[in-house]
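Please look over the sequence and the model below before reading on. The paragraphs that follow take a helix, the strands, the charged pairs and a surface patch in turn.

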Amino acid sequence: MTDTAAASDLPDSRPAGHGQHQASLAKLTLGAMAVVFGDIGTSPLYAFRETFAGAHPLTLDRLHIYGVLSLIFWSMMLVVTVKYIMILTRADNKGEGGSLALLALISRQIGREKRWTAGIVLLGVFACALFYGDSMITPAISVLSAVEGLTVVQDSLEPLVIPIAIGILIALFLIQRHGTARVGALFGPVVSVYFLTLAVLGTMSVLRDPTIFLALNPWYAFNFFLMDKWLAFLALGSVVLAVTGTEALYTDMGHFGRKPIQRGWFYFVLPALMLNYLGQGVLLIGDPEAISNPFFMLAPDWFRLPLVIIATLATIIASQAVISGAFSVTQQAIQLGFVPRLRILHTSASAAGQIYIPIVNWALMVMVIALVLTFGNSSNLAAAYGIAVTGAMFIDTCLLAIVLLSLWKWKPWLAIPLLAVFFIVDGAYFAANLTKVPDGGWFPLLVGLVVFTLLTTWARGRQLMLARMREASMPVEIFVKSAASSATRVPGTAVFMTTSPDGVPHSLLHNLKHNKVLHERVMLLTVRIEDEPFVAEAERVELTSLGSGFYRLVLRYGFMQDSDVPAALARVESCGPEFRMMDTSFFLARQTLLTSNKPGMAVWRERLFAWMLRNAESAMEFFKLPPNRVVELGSQVEI
């Protein structure tokens, strides 16, 4: 978390510092408007419409319109405001948020309780898997719903909607490799104009019937259920579209901090969204025919084309935030051991968090384009939306329960009733969305299942492979005593990279077996990724002398940091002369997996793990080793 976000408000007795603090806070809040609230901010384009005109249409009368508006408002208050903004943003892992960061925090705090750990890990990993399904649907439905506004401007433009939407999406994915540093400064102002437009259009409509504010009374939500239980339950599947993007509030906390997110929500985003939803309600009470696209019908004729442009720009920015989030989550998953090494490129020299992962980018692009072509319009896509979001929300509540009761030690009389409300709300939304599985809800579930299988297969296979290698390893003390007296020593430094901080690396044994020499300085290097986002430079290096020119070196990194081995070696002291790359050779072991009937994993999962291992990014590129100083030695491992 940034210092600005972490610090409390400065007292008025320090005007200069207070002014700088407020200016920085305002800048962060403006940035959060685009990145954090882009997804939930584009929900008015389709959420209210789909509740009445979706798979389970509702009668357009005051009973149902007030009931839906009340559900939307109290969903925002309970799910977004209380659960995410007020509570979950405080459950940060040294400033970072999101399911994986929270999982790492919980695992670190209660890791000794083995009976908890396995279930917690599976929950966190499945939430991560569902996020990828959401990352595919969000750009598709957001951009498509904005471009569909052209049909409100002119009916004859309908054939152009899908080609224009696909063109915008392809361009969006093509520019990812170049980064968004140049245009990123415009994101906040553009989305601010969009939210201001939402508020103004909503206010103009509300002024025609101010009694619409009565819909904020929770009685209308309860009355909706009393009068029409089944349809009210089904309506939850569309009402939840109004709170999609809540996971982004938590995931992107590390970029902006808790306070800018809170201020942006309470002072700007929440009022703008509710004014627009209330305005759509007034419009539909007076003109039920506007249900075809109430968002754009709110605007006068002369402003509809500019509104299409503003909404399209906002959805592009929201989609950009989701894509960047997919890159960030993937980086976390790699570092935490759930995804094999992938090629990660930095698109900004000044901002370490701006990264680009080619394989994730192209996979998302193919799936997003396929979704647009398959479903054809935003109404059909809305049926596929919601499952991933509500599933992730429910899992976040499960993890929150552990945080409140085990980490924060809340009093049960306070925590249990609050958690019960969250579980009831999230469970109802998830159950309502399960009814949409045949109409498209199967897609995010399928994506989640596939990604979950890949993540757990890699984590389990890696665990088994390391265990097999440890079984065959030699104690380092015995090796040093034997090799120091018998092997010929040559000038220079040899760095043998190993995943285990114990035993002798296989690459060292193979090198000695075939080349029959040892370097004057031998470094057994392990890169360890901690369950926290960042590790300070002062805590990076852990060096142990093994005698006879042998050293054990452990480099510690956070799961949000790059593992730059040469840069870390340059700062290592007290183990002889400084490291010079021209005098240093890096020895890497490349394992070839042999499937077997040994207990551990099914054969098909062993083959899947072997395929993932073959296609992983090489350790040389991942750890930024100089290519002309690397030697790879192969070995075979049965799992």
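**A walk through the model**

In helix α21, the buried residues are Ala415, Leu419, Phe422, Val425, Asp426, Tyr429, Ala432 and Asn433. Buried means under 20% relative accessible area, exposed means over 50%, and partly exposed lies in between (1.4 Å probe, protein chains only). The model is a predicted one, in which local features need pLDDT of at least 70 and side-chain atom pairs count only at pLDDT 80 or more, while totals for chains, interfaces and linings use all residues. Residues are numbered from 1 along each chain as its sequence is written, and side-chain values use heavy atoms, with hydrogens and water left out.

The buried residues of α21 are covered by elements including α5 (62–87), α12 (229–239) and α20 (387–407); contact here means heavy atoms within 4.5 Å. Helices (H or I, at least four residues) and strands (E, at least two) are DSSP runs, numbered from the N terminus. Helix α21 covers residues 412–434, and its 23 residues should span 33 Å at 1.5 Å a residue, which agrees with the 31 Å between its end C-alpha atoms. The expected span is 1.5 Å times one less than the number of residues.

The strands come next. Strand β7 (residues 584–594) pairs in the parallel sense with strand β3 (residues 488–497) over four bridges. Two strands pair if DSSP finds at least two bridges between them. Phenylalanine 496 has phenylalanine 587 in β7 as its bridge partner. Strand β7 is also joined to strand β8 (residues 630–638), by nine bridges, and these two run parallel. Here leucine 588 has glutamate 632 in β8 as its bridge partner.

Glutamate 632 also takes part in a salt bridge, as its side chain meets that of arginine 590 at 3.2 Å, N to O. Because glutamate 632 lies in strand β8 and arginine 590 in strand β7, the pair ties together parts that are 42 residues apart in sequence. Glutamate 632 is partly exposed, at 40% relative accessible area, and arginine 590 is partly exposed at 36%. A salt bridge is a side-chain nitrogen of Lys or Arg within 4 Å of a carboxyl oxygen of Asp or Glu. By this rule the count is nine salt bridges.

Another of these pairs is aspartate 209 with arginine 62, again at 3.2 Å, N to O. Aspartate 209 is buried, with a relative accessible area of 14%, whereas arginine 62 is partly exposed at 41%. Arginine 304 and aspartate 301 form a salt bridge as well, with the closest N and O atoms 3.0 Å apart. In this pair arginine 304 is buried at 14% relative accessible area, while aspartate 301 is exposed at 61%.

Last comes the surface. Met86, Leu196, Val200, Met204, Phe266, Tyr267 and Phe268 form a nonpolar patch there, with about 680 Å² of accessible area together. Patches are made of residues with over 30% relative accessible area and no salt bridge; like charges are joined within 9 Å, and nonpolar side chains (Val, Leu, Ile, Met, Phe, Trp, Tyr) within 5 Å. Accessible areas come from the Shrake-Rupley method with a 1.4 Å probe, and for residues only the protein chains shown count as cover. Helices α10 and α15 (258–286) each supply at least two residues of the patch. Methionine 86 is found in helix α5 and is partly exposed, at 42% relative accessibility.
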